[in-house]
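Please look over the model shown below before reading the numbered points.

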Amino acid sequence: MQDLLGIPPQVLLGQLLLGLINGSFYATLSLGLAIIFGLLNIINFAHGALYMMGAFVAWICLNYLGINYWAALVIAPLVVGAFGILIQRLLIARIAHIDHLYGLLLTFGVALIVQGLFRNEFGSTGLPYQIPRALQGAWNLGFMILPIYRGWVVAISLVVCLATWFMIEKTKLGANLRAATEDPALTQAFGINVPLLVTLTYGFGVALAAFAGVLAAPIYSVNPNMGGDLIIVVFAVVVIGGMGSIMGAIVTGFGLGVVEGLTKVFYPEGSATVIFTIMVIVLLAKPAGLFGRVA
């Protein structure tokens, strides 16, 4: 294969793969944020901390309980989702009737408390999490070497994102949820338990963050700061895709991961800011986001 603008194809494809992997995490995390904001109008700043909790639950399961990666993919979202339900019922529900800014401040405080507790218990040093045996190794594609685990992360993230979109946009459950958001009183009159629906939706959005945390554990070291480093980028992805847009979060998450990866090849100095630059341009040209609708 010939070089492109002086860049060897192996380097280009390697960065493209790295961008897809980052995009998988952006998409899964921003999807959870989009669900929580779009359907519940909650700006959940604790999302990054709950992503970190998912990785730690997987690490604790493996090192203290002997529970492997595959079981942790189910257990961690359930545990962290249950924790999210407690947060929603005990804290967020109490301020749901006032300005959304208070919800942002409350969840920001929750994020700091959760990160502080984990930092106090486990320290700030990254903890290793081994790749499961079935996903170790790499495939030689001829033009590049593809680590099996990284290919798995991209594939399963795409499946989870599309399944979530289908559930919300194409099923009766999703229709009930959207109706509860638009007119809670009328939906309640039809016999639908709106408060329960809201609580379970928040728990599901949080569980998505924990799922992403388990996927990230073997790639990045498990540490209390891993969510804080990512949450600002994920918020930018949600804004670019359109606040509350489910498909916008998925497409923008994967797309911006690729753009960021290619920027590292062609203009490395701009890779740390390219997503925020795009966010500024989008906000100026289309304030509702690429897939958002003006209220």
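**Note on the predicted model**

1. The structure holds zero disulfides, a disulfide being a pair of cysteine sulfur atoms within 2.5 Å. A disulfide is a covalent bond between the sulfur atoms of two cysteines. Buried means under 20% relative accessible area, exposed means over 50%, and partly exposed lies in between (1.4 Å probe, protein chains only).

2. On the basis of the values: this is a predicted model, in which local features need pLDDT of at least 70 and side-chain atom pairs count only at pLDDT 80 or more, while totals for chains, interfaces and linings use all residues. Residues are numbered from 1 along each chain as its sequence is written, and side-chain values use heavy atoms, with hydrogens and water left out.

3. Helix α9 covers residues 228-241. Helices (H or I, at least four residues) and strands (E, at least two) are DSSP runs, numbered from the N terminus. The 14 residues of α9 should span 20 Å at 1.5 Å a residue, and the end C-alpha atoms are 21 Å apart, which agrees. The expected span is 1.5 Å times one less than the number of residues.

4. How many of the 14 residues of α9 are buried? The number is 11, so α9 is largely enclosed by the rest of the structure. Among these buried residues are L230, F235 and G241. The buried residues of α9 pack against α1 (9-40), α2 (47-64), α10 (246-266) and α11 (274-285), where contact means heavy atoms within 4.5 Å. After α9 comes G242, whose phi is positive, near 115 degrees.

5. A search of the whole structure finds 12 aromatic pairs. In one of them, the ring centres of W59 and F122 are 5.7 Å apart and the planes stand at 85 degrees, so the pair is edge-to-face. Because W59 lies in helix α2 and F122 in helix α4 (residues 100-122), this pair ties together parts that are 63 residues apart in sequence. By definition, rings of Phe, Tyr and Trp (its six-membered ring) pair if their centres lie within 6.5 Å; planes under 30 degrees apart count as stacked, over 60 as edge-to-face and the rest as tilted. W59 is buried, with a relative accessible area of 12%. Ring pairs also link F56, W59, Y64, F118 and F122 into a cluster.

6. L127 lies in the loop between α4 and β1 and is buried, with a relative accessible area of 16%. Leaving out residues up to four places away in sequence, L127 touches F56, W59, F122, S221 and V222.

7. E260, in helix α10, is buried yet has no salt bridge. A salt bridge is a side-chain nitrogen of Lys or Arg within 4 Å of a carboxyl oxygen of Asp or Glu. The nearest side chain of opposite charge to E260 is K264, 4.8 Å away; Lys and Arg count as positive and Asp and Glu as negative, with His and the chain ends not counted. Apart from neighbours within four places in sequence, E260 is in contact with N22, Y26, S271, V274 and I275.

8. M247, in helix α10, is partly exposed, with a relative accessible area of 26%.
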